[in-house]
Amino acid sequence: MAGGEAFTGIGKVRYEGPATKNMLAFRHYDAEALVEGKPMKDHLRFAVSYWHTMRGTGGDPFGPGTMVRPWETGGDPLEMALKRVDVAFEFLEKLGVGFYCFHDRDVAPEGSSLAEANRHLDTVADALERHQQRTGIRLLWGTANLFSHPRYVHGAATSCNVETFAYAAAQVKKAIEVTHRLGGAGYTFWGGREGYQCLWNTDMKREMDHLARFMHMAVDHAKAIGFTGQFYFEPKPREPMKHQYDFDAATCINFLRAYGLEKHVKMNLETNHATLAGHEIQHELEYAGMQGFLGSVDANTGDTLVGWDTDQFPTNVYMTTQMMYSILKYGGLAPGGINFDAKVRRESFEPVDLFHAHIGGMDAFARGLKIAAAMRADGAIQKLVDERYASWSSPLGTRIEAGSESFASLEREMLAKGDATPCTSGRQELFENVINTYL
Ligand code: XUL
Ligand code: CO
């Protein structure tokens, strides 16, 4: 950082193994160690989210921000934005992650007009590009903040105000161009306020048509400028709106197919959004994976006793094991990755807490990866699943799966037999006990 380090007294975080007493070291994340023949860093592709880590203030509905960030000296917003880029890259380098993700308005100040906002973004992108070249750290995906400014009060692409739609289009055009210039591996659509509070005043069909038109324009523009990064759609069922159109993976995939976007867009799945939709993240990963829409992950966790998007850092190894088991099963995340869309608690206000938070999350996923790989290597779980479905490997099952049976032929089969063979036990408790033998 110009004028010295921001995180004084904190050096590069290294792998020291499970026995270390150093809490600023990794116990499980060993970037180059091979798992299933591939370095951990290439399985996990960790990213830091700029909006939480560099811009999170700790403010909540009951009080203002609490974060102590000595480098936040105020003054000219563009100067401050540039200084923050230095701090961000010091953090990324010390942590040893390969990627970061950003919102346009979180890296650069909006200014007083679209033209000025674009100029600010270009200036900050110059600085981001210099640091990327210096460090080799890359942009996992970019996105646009289409929800904070009052012009987005009714949403952006689904707004009842056509000029809001037009402004959002211009903003996303620029954000894709900057993402492209920075070599971003992807671009994420996050609904923000794309949804409704009240159906009486809402033309749902028109709003969803507009959202699809907007995404098609983004895809067309990417093609026009040669951006080949992956587009992602990030499900979230509610908050701030009562209902959001990107509710969950199944809803998003249906939307993409209904509007002919399925070849261009995959899912960016977030743990806390899954729980808000009444799912576990394993459900979302499995659903998207089996449909060929598994793209990227926004890693965090909610609180079982708090009903909103608390975006906490994930530390639960059982959950990261579930996640990595599904991710390995569907061939990994690249060009996506694991982006910590998570924030330190309001009470954890010192800069060092940013390190503890990310180190814990990275170690939890590294452990989940190792455990999931061990489960796959001995195949005990898969064997139990195969046994549960063994009847489907019979001649009858094979014929049904191949599409060569009908209701009439199955009726004949069952009239002849009189009843189905009794089912076998689901053995859920056995499955759960076997999982625990790996932990
Ligand atoms: C908010 C959220 C966003 C997206 C990117 O709930 O998850 O930060 O990940 O806009
Ligand atoms: Co997210």
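Buried means under 20% relative accessible area, exposed means over 50%, and partly exposed is anything in between, worked out with a 1.4 Å probe and protein chains only. These legends describe a predicted model, where local features need pLDDT of at least 70, side-chain atom pairs count only at pLDDT 80 or more, and totals for chains, interfaces and linings use all residues. Residues are numbered from 1 along each chain as its sequence is written, chains are lettered from A and ligands numbered from 1 in the order in which they are written, and side-chain values use heavy atoms, with hydrogens and water left out.

**View 1. A salt bridge joins Asp-122 and Lys-174.**
A salt bridge here is a side-chain nitrogen of Lys or Arg within 4 Å of a carboxyl oxygen of Asp or Glu. In this pair, the closest N and O atoms are 2.8 Å apart. Asp-122 sits in helix H5 (residues 114–135) and Lys-174 in helix H6 (residues 162–181), so distant parts of the chain, 52 residues apart, get linked. Helices (H or I, at least four residues) and strands (E, at least two) are DSSP runs, numbered from the N terminus. Asp-122 is partly exposed at 28% relative accessibility, whereas Lys-174 is buried at 14%.

**View 2. Glu-36 and Arg-376 meet in a salt bridge.**
Their closest N and O atoms are 2.7 Å apart. Glu-36 is in the loop between strand E1 (34–35) and strand E2 (38–39), and Arg-376 is in helix H12 (residues 351–378), so the pair ties together parts that are 340 residues apart in sequence. Glu-36 counts as partly exposed, with 44% relative accessibility. Arg-376 is partly exposed too, at 33%.

**View 3. Glu-413 pairs with Arg-399.**
This salt bridge has an N to O distance of 3.7 Å. Glu-413 belongs to helix H15 (residues 407–417) and Arg-399 to helix H14, so parts 14 residues apart in sequence are tied together. Glu-413 is partly exposed at 28% relative accessibility, and Arg-399 is partly exposed at 32%.

**View 4. Asp-104, Arg-105, Glu-110 and Arg-151 make up a salt-bridge network.**
As background, side chains of opposite charge can pair when their charged atoms come close. Here the four residues Asp-104, Arg-105, Glu-110 and Arg-151 are linked by salt bridges. A search of the whole structure turns up 21 salt bridges.

**View 5. Ligand 1 sits among residues that include Trp-51, His-103 and Glu-234.**
To be listed, a residue needs a heavy atom within 4 Å of the molecule. Now for the polar contacts, meaning pairs of N or O atoms within 3.5 Å; within protein, one atom must be able to donate a hydrogen and the other to accept it, and residues adjacent in sequence count only if both atoms are side-chain atoms. An oxygen atom of ligand 1 is 2.6 Å from a side-chain N or O atom of His-103. For Glu-234, the distance from a side-chain N or O atom to an oxygen atom of ligand 1 is 2.7 Å. Asp-298 has a polar side-chain atom 2.8 Å from an oxygen atom of ligand 1. On its own, ligand 1 has 290 Å² of accessible area, and the protein covers 94% of that. Accessible areas come from the Shrake-Rupley method with a 1.4 Å probe; for residues, only the protein chains shown count as cover.

For context, most peptide bonds are trans. Pro-335 is in the loop between helix H11 (317–329) and strand E12 (338–340).

**View 6. Arg-45 has a positive phi, and Asp-311 has one as well.**
Most residues other than glycine have a negative phi. Arg-45 has a phi of about 45° and lies in the loop between helix H1 (40–44) and strand E3 (46–49). Arg-45 is buried at 12% relative accessibility. Asp-311, with phi near 50°, is in the loop between strand E11 (294–299) and H11. Asp-311 is buried at 6%.

**View 7. Tyr-389, Trp-392 and Ile-400 form a nonpolar surface patch.**
Together they have about 280 Å² of accessible area. Patches are made of residues with over 30% relative accessible area and no salt bridge, joining like charges within 9 Å and nonpolar side chains (Val, Leu, Ile, Met, Phe, Trp, Tyr) within 5 Å. Tyr-389 is in the loop between helix H13 (380–388) and helix H14 (395–401), and is partly exposed at 44% relative accessible area.
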